[in-house]
There are 2 protein chains.
Amino acid sequence: MRSDMDQDLKRRAKKVLPDGVYGHESTKLLPESYPQFFSRAKGAYLWDADGNKYLDLMCAYGPNLLGYGDERVDAAALAQSKLGDAMTGPAPVMVELAETMVGMVAHADWAMFCKNGTDATTMAKTIARAQTGKRIILVATGAYHGAMPWCTPLPAGVIPEDRAHIQHYDYNSVESLEAAVSAAGDDLAAIFATPFKHDAFTDQAALDLDYARRARALCDQTGAMLIVDDVRAGFRLTRDCSWELVGVRPDLSTWGKSFANGYPISALLGSDRARDGAASIYATGSFWFAAVPMAAAIETLRILRDTEYLEHMIGLGDYLRAGLHQAAHDNGFGLRQTGPVQMPLFLFEDDPDFRVGFAWSEAMLKRGVYVHPWHNMFLCDAMTQSDMDLAIAAASAAFQEVRERYSSLQPHALLAQMFSARAAE
Amino acid sequence: MRSDMDQDLKRRAKKVLPDGVYGHESTKLLPESYPQFFSRAKGAYLWDADGNKYLDLMCAYGPNLLGYGDERVDAAALAQSKLGDAMTGPAPVMVELAETMVGMVAHADWAMFCKNGTDATTMAKTIARAQTGKRIILVATGAYHGAMPWCTPLPAGVIPEDRAHIQHYDYNSVESLEAAVSAAGDDLAAIFATPFKHDAFTDQAALDLDYARRARALCDQTGAMLIVDDVRAGFRLTRDCSWELVGVRPDLSTWGKSFANGYPISALLGSDRARDGAASIYATGSFWFAAVPMAAAIETLRILRDTEYLEHMIGLGDYLRAGLHQAAHDNGFGLRQTGPVQMPLFLFEDDPDFRVGFAWSEAMLKRGVYVHPWHNMFLCDAMTQSDMDLAIAAASAAFQEVRERYSSLQPHALLAQMFSARAAE
């Protein structure tokens, strides 16, 4: 596996970006052999800058829902681009898309479109405060809701005031949520919740029904807004807001990543309970009204409604989970596979510093399967059973390789440093 | 001029958006006859949803720099889209684009890419605090730097803490800037400045050289970061940071809107003086690493370097300004044309509630020229002298029409309400 081009690009990037690639697509906290740059993507596959091909279980960290370069979505986007994209006002597709999303998402009466998931979560926070006239926002400890100063997980340059009145509770814990609501007194504006527990570096956990219902009841009692942050999981669990699976409807839900199959658009959906607050705030962006991503979203959502994409992904996910379980077991590894099968996370038993997971991930990469050692992954509709067979076969060989190298494994230097800094806090 | 389709879309939008179109492309604060939705754009022209055609002097509020649907830029974008857009990592074009921008912008040693102008300004603020370890950010009163809670001009849902340690000074005033820096004591993190004064609802003003130099000197003395917010004016004044025209180099500059000719990308550029701070913060977005807008930007920037786009726009702007001056004078109007000729603003003498400007703008619209009554406009490279002749001829007829209707003009209801609310503050 050559990697000259990637190494060269990394060297160049280090000069003209502050310290190489930043943000969630940086490989700084990934195994050494992971490529940073990709030259091509199609369907379920990805090619790095050196031409190596991978079955991509990250799906661009979510946006790739139907397959890279889906021809149906690309055709809709291209048709709109020949008419207009960013113009002096929105195109009719903006109304059509809002009607489509309001029609698909049970709790939603209205929509706002933006560019980043963080735009949507920040608007949700602001609208909750505008709607209620109150200040306190409850967020589950460890949950990711974006990268603005009020929510970024690495708060360099953030001042305490940026997070004023942001309070925490433990996800899935009725007791902790009740205590936080009680502590908020008469000043509770909103409760944020992810669809399930999908924090990095730790096992994923399904949504607890009592917790979800209690969150709704507490918002009803206090007048606060219930916000489900569906940016990461939206339309990968159901063709509606993810909490609709348990029959609990939020006042606001945030969307992004996948609903235009990779075209840049995110959304905030809301019920009439939050409409006045939403109408009162000022939020905007240079490209928020651009028509091409909206046309792509309309076509993506049509495909979601008209095809078995979801059942297909779940079928593949079940198959992959069973196959990996068997392969791990056969090789004497305790592989913890958590989360919905179509958004899996793979962590190893007895691997506190992730050295086993990193080694296994590198062994998978070498065999043409791109997996992530500490962040949930994503399946897409373009994957097939033979892709899953490829992943399972790669996994068997990778388990064997790691078993042979087990005693010589070392932790990743930067990750180890990060963990020890956290432990010292 | 039919407007059935636009009216129908507005009615539908009112249901499925919180209160119709939000943000800077909402027509709520524009004359009644202005269309909200556009079905098509090409070159310098725009068609509304009812098929009416306009010479578009707003250029999508900036993004349209070369002309809508520029075939060179669209070809570069399409070629990249066939390879990949949002992937699990960036494409090589990310490095190429960073090298290109660092090569063009004299003060820049590195680049970060994002989606909204507000992403770039917010990162600049956060980096300034990370770099200096200090808190106070100075912003000119009335300047627009985006729509996040720390900077949005309409602060519904914003709490005082969101703006903690944001202090104000008067643009172009050395005395006011010195007083604000002095008041910041040992806690100054940054001074924000726009390239020139381009606030809405008021005459634009050129940059005062003493003020620019003093801002630089004060940052050098205190260790604070000087930030030029070039989101609106970037590459419309010069092929470099706008303050390069006066020889003053910031530490950070923010870019957006136009450098990919309408494809969604913004950027933060910085010098080595701010590199450590930039490397330390965490900021990211689902689509920040997408390759298509980067490929579009590379081609746009090539065109900016290789063609006379800027000189062409300035020539047209001079011609338009002279023609409008004459037409206004001939009809007895005092038309105040301010700002760079390629980013003009038209306000009327003796028009405190904008009723004359609104009536004239409507009269222009009726004649196929889209002008804005209180926000600076933008020329683009696709415009021609005959387009300017069209605008000047329309203006002559519009002045005549307004003169005839003068005594019966009424102010715009919502704008009047906004002004009286501000006056009461």
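The exercises below, each with a worked solution, concern a predicted model.

Residues are numbered from 1 along each chain as its sequence is written, and chains are lettered from A and ligands numbered from 1 in the order in which they are written. In this predicted model, local features need pLDDT of at least 70 and side-chain atom pairs count only at pLDDT 80 or more, while totals for chains, interfaces and linings use all residues.

**Exercise 1. Describe the overall build of chain A.**

Step 1. Chain A contains twelve helices and 13 strands; helices (H or I, at least four residues) and strands (E, at least two) are DSSP runs, numbered from the N terminus.

Step 2. The radius of gyration of chain A is 22 Å, close to the 22 Å given by the globule rule for 425 residues, so chain A is as compact as a globular protein of that length. The radius is taken over C-alpha atoms, and the rule is 2.2 Å times the number of residues to the power 0.38.

Step 3. Of the 425 residues in chain A, 58% are buried. A residue is buried if 20 or more other C-beta atoms lie within 10 Å of its own, exposed if 12 or fewer, and partly exposed in between, with C-beta atoms placed from the backbone.

**Exercise 2. Determine how chain A is divided into domains and which elements of domain 1 touch domain 2.**

Step 1. An automatic or database domain assignment supplies the bounds: domain 1 covers 4-61 + 308-424, and domain 2 covers 71-306.

Step 2. Their C-alpha centres lie 27 Å apart. The contact takes 15 residues from domain 1 of chain A and 13 residues from domain 2 of chain A, two residues being in contact if their C-beta atoms, placed from the backbone, lie within 7 Å.

Step 3. On the side of domain 1 that touches domain 2, helix 9 (309-330), strand 11 (335-338) and strand 12 (345-348) of chain A each give two or more residues.

**Exercise 3. Identify what the buried residues of helix 2 of chain B pack against.**

Step 1. Helix 2 (residues 71-83) of chain B has 13 residues. Its buried residues include Val73(B), Ala76(B) and Leu83(B).

Step 2. These buried residues pack against strand 1 of chain A, together with helix 3 (93-104) and helix 8 (291-306) of chain B.

**Exercise 4. Examine Lys257(A) and Asn261(B), two residues with positive phi.**

Step 1. Most residues other than glycine have a negative phi. Lys257(A), however, has a positive phi of about 55 degrees, and phi of Asn261(B) is near 50 degrees.

Step 2. Lys257(A) lies in the loop between strand 9 (252-255) and strand 10 (266-270) of chain A. Asn261(B) is placed in the loop between strand 9 (252-255) and strand 10 (266-270) of chain B.

Step 3. Lys257(A) is buried because 29 other C-beta atoms lie within 10 Å; Asn261(B) is buried, with 32 other C-beta atoms within 10 Å.

Note on methods. Expected span 1.5 Å × (residues − 1).
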